[in-house]
Amino acid sequence: MVPASSWAVLAIVALVGLALAAACGAWWGRRVGSRRAAHSPADKVKLANDSDGRDYLPCGVATDITECHAIQESNYRLTFYDPLTGLPNRRLMLDRLERVVKGSRRTDRYAALMFIDLDNFKLVNDTQGLSQGDHLLRHVADHLSRAVRESDTLARLGGDEFVLLIHDLAPDQEQAAHAAELVAEKLLARILEAQQDQEQALTLPITGSIGVTLFADGETSVESAMQQADMALQQAKGAGGNTLRFFNSAMQATVMARVQLEADLHLALARDEFRLHYQVQVDSLSRVTGVEALIRWEHPQRGMVSPGMFIPLAEKNRMILPIGYWVLETACRQLVVWAQEPERESLSIAVNVSSVQFHQPDFVVRVQQILKETAANPCRLTLEVTESLLMDDHQRVREIMLRLNQIGIRFALDDFGTGYSSLNYLKRLPLDELKIDQAFVNGVLDDPVDAAIVQATITLAASLGLDVTAEGVETEAQHQWLLANGCEAFQGYLFGRPQPVAELQVGQVSCTHGT
């Protein structure tokens, strides 16, 4: 008889055997399924045999990287290429420029960097829409691309600005300049050609301006090459566009002098370096009726700096705003001082107002505030404006002038006849005086055209009820001619040069100052 413990052991062994059989069956099913799958037409995977004739299924991992490559390519193009034109962008161009600059240290051949800008491109966007502007940019990019070598880099910096990097031009600077000039002229022609392919004709032909700088022997850096090409471009645009200019050392010296002057200009007001000089204005009897306030810059090292040098710069960098208000406030304070002096209390002061200053939203408020703070009599103040101011936003200019005219301020139109004169604004604007420009006064004795213009201006002013003042009167012969033709107010060296207030003479002046 078998013991009970033995029966228990046998039962356990039987259960383990059944479990193993079930596991082996499941494994065999999976293997058969794998073999069938391997032999299926869908996968076309051939089983391997070893020497015992048994089949084995190859094992591995397969990955399709096509999409990954596409993403990498897309990211690369977004990083280094302009999406509108497909040209290299600033980042890629700077990278290639750095390579060329470094490479020029190992070769004696010149390379060139060209800045290309479309003249008046803003008019396309303004008149025909941004879509038409983009269409033109793509056409220009395509035409420029056909004019350059594959080894060179044509890139778009942004907006309507392109740049061309040309390496390996020539070992001689003159030859390199000639080769670069030929390329630049071809590019200018291609810009004009690009417009002919436009489906919609442009109302105003768009031309190009190109600035070129040459470099070799590692004599420049990426930053200086970019700066030099940009300087040359500004010279080309200043010459009227549709042309090219080369950078040269004289140009750089001029630019650096301007940069230093601008830096000094920013400090001049804080350092109290500005002065007001006054030039007398006289009537037909040579009696002083008023003065024009003229700013002077007394630089500690440069000496007296001409207004012709710093006023245009101040208008460009908007320093004219604080400078202009300083002039106005100083002149108003001088009126208050003269109001206490019997021999000068009737004098008026004319102050030039920049168009930049005039178009500020708070211009009227600032003028009113200065008058209030200084307690100056506005009826003794004349603001001189130029014709260029009157060409912009006629209605707004008229409203500003009317508001100031209502509190007693007079307006004089300076340099009359030198701009785009229009009888319409003489009719609509609250002007009180016309000032005949010195260029016409100088020719009244010798040039019949100048004489006719001055005569016509005097007659026109009289018919409109405006005062007229002749500027730049330097000789007694000019003075007598003007008197004979009906002019009754004068200003110029004949009556007195601009002087500091302490040296200013009033009353009746002798007409010998210009001799």
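The buried residues of helix H4 pack against strand E3 (111-118) and helix H5 (130-145). Contact here means heavy atoms within 4.5 Å. The model is predicted: local features need pLDDT of at least 70, side-chain atom pairs count only at pLDDT 80 or more, and totals for chains, interfaces and linings use all residues. Residues are numbered from 1 along each chain as its sequence is written, and side-chain values use heavy atoms, with hydrogens and water left out. Helices (H or I, at least four residues) and strands (E, at least two) are DSSP runs, numbered from the N terminus.

H4 spans residues 121-128, with Phe-121, Val-124 and Gln-128 buried (under 20% relative accessible area, 1.4 Å probe, protein chains only; exposed is over 50%, partly exposed in between). Seen down the axis of H4, these buried residues fall within an arc of 60°, so they line one face of the helix. The arc is taken from the directions from the helix axis to the C-beta atoms. Lys-122, Asp-126 and Thr-127 are exposed on the other side of H4. Gly-129 follows H4 and has a positive phi, near 95°.

An open sheet of 5 strands runs in the order E4-E5-E3-E6-E7, with mixed pairing. Strands pair if DSSP finds at least two bridges between them. E4 (153-158) and E7 (243-246) stand at the edges with a single partner strand each, so one side of each lacks a neighbour in the sheet. E6 (residues 208-215) and E7 pair in the parallel sense over 4 bridges. Ser-209 stands opposite Thr-243 in E7.
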